Amino acid sequence: MKNKLLKTLACFGGIFTIGSTIAITSTSCGCSAEEKINPLPENVYDIDETTHELKGFTSEFLANPSAYDMCDTMRIPTEVMGIASEAFYNHLFKITLIPKFIKKVTFAKGSMLTSLNNNSFQKSEFTQIDFSNCNNLISFTGVGCFTDSKLTSVKFPKNLKEIGAFAFCQCSSLTSITLPSGLETIEDNAFRLSSSLVSVKFPSSLTKIGSDVFCGCLLDNIEWNAWTGNTTLDATSFSNVPQKGTVKVINPTDDEHNSAKLLEYLKTNGGLPSTWNAA
């Protein structure tokens, strides 16, 4: 009882250090709204002092996470430069180490994060992750960073260039994504079997979509900003998606890169079903 009380007080102390609640302004839907979060205190994270790699939670936290159940958010500290492989996933028992009362992951202002490693958040049950403060993160190179997680919303880092293999594989609660301006590469199986994913918006910068990226998704809507025709596709990039859907080019640069041309391009080169239509 005494240890639980001390841990509870530590949580409150960590929260009060940065404010009992933190107001966040969200503009993902084009409007401003304030959201209150109660982040875990920074002392629950196991961070390598030399490499600044986040290895997971401390053993003290894992011994009694319920002492922090008034918190709802993981706010990754500024100094974290990388997140270790399986940092929050126990592959032996095939469980997430993140407690169910955590609903969101954010990163502190000025985040130094540059890398995510293999399966770092696999099977996690939080529903939102916001990378908007991670200006140094250019690649999700770790395999399966969020595989089989409960994500419904992802706010990508603005400088992201690459989404790695299996990064969002089997994210069955993800329904739509708007990929960031500047993204260049989506590696194999990145969104495979994300069975609720119905809508994707691509940026003009995209140069490669790998194999089986959207295999098994329920896609029925594809939008592409200023499509240029310079994207390399695999013959299975859009395999096993529904037989009906629409393709649209937003802000076409000329008549040679309109919705009808994109539709034909995706059918011929990416395995999109022949029964899809141009919007």
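Modeller: Terms first: a nonpolar core here is a set of buried Ala, Val, Leu, Ile, Met, Phe, Trp, Tyr and Cys residues joined through side-chain atoms within 4.5 Å. Buried means under 20% relative accessible area. Keep in mind that this is a predicted model.

Colleague: Fine. Which residues touch the most other members in the largest nonpolar core?

Modeller: Met74, Ile163, Phe168, Phe191, Phe202 and Phe214, out of 70 residues in that core.

Colleague: And which elements give two or more residues to this core?

Modeller: Strands 3 (45–47), 4 (53–57), 5 (73–76), 9 (104–107), 17 (199–202), 19 (221–225) and 21 (246–250), plus helix 3 (259–270). Helix 3 contributes the most, three residues.

Colleague: Take Met74. What does Met74 touch, not counting residues up to four places away in sequence?

Modeller: Leu40, Tyr45, Phe57, Phe88, Ile98, Ile102, Lys104, Val105, Thr106 and Phe121.

Colleague: Is Gln122 buried or exposed?

Modeller: Buried, because its relative accessible area is 12%, and the cut-off is under 20%.

Colleague: Switching topic. Where is His257?

Modeller: In the loop between strand 21 and helix 3.

Colleague: Why does His257 count as buried?

Modeller: Because its relative accessibility is 19%, and buried means under 20%.

Colleague: What does the side chain of His257 reach?

Modeller: The backbone oxygen of Thr228, at 2.9 Å. In sequence His257 and Thr228 are 29 residues apart, while their C-alpha atoms are 6.4 Å apart in space. Leaving out residues up to four places away in sequence, His257 touches Trp227, Gly229, Val249 and Pro252 as well as Thr228.

Colleague: Now the whole chain. How many helices and strands does the protein have?

Modeller: Three helices and 22 strands. Of its 279 residues, 47% count as buried.

Colleague: Among contacts between residues at least 6 apart in sequence, how many join residues at least 24 apart?

Modeller: 54% of them.

Note on methods:
Residues numbered from 1 in each chain as written. Predicted model: local features only at pLDDT ≥ 70, side-chain atom pairs only at ≥ 80, totals over all residues. Heavy atoms only, no water. Buried < 20%, exposed > 50% of the residue type's maximum accessible area, 1.4 Å probe, protein only. Helix = DSSP H or I, 4+ residues; strand = E, 2+ residues; numbered from the N terminus. Contact = heavy atoms within 4.5 Å. Polar contact = N/O pair within 3.5 Å; in protein donor to acceptor, adjacent residues only side chain to side chain.
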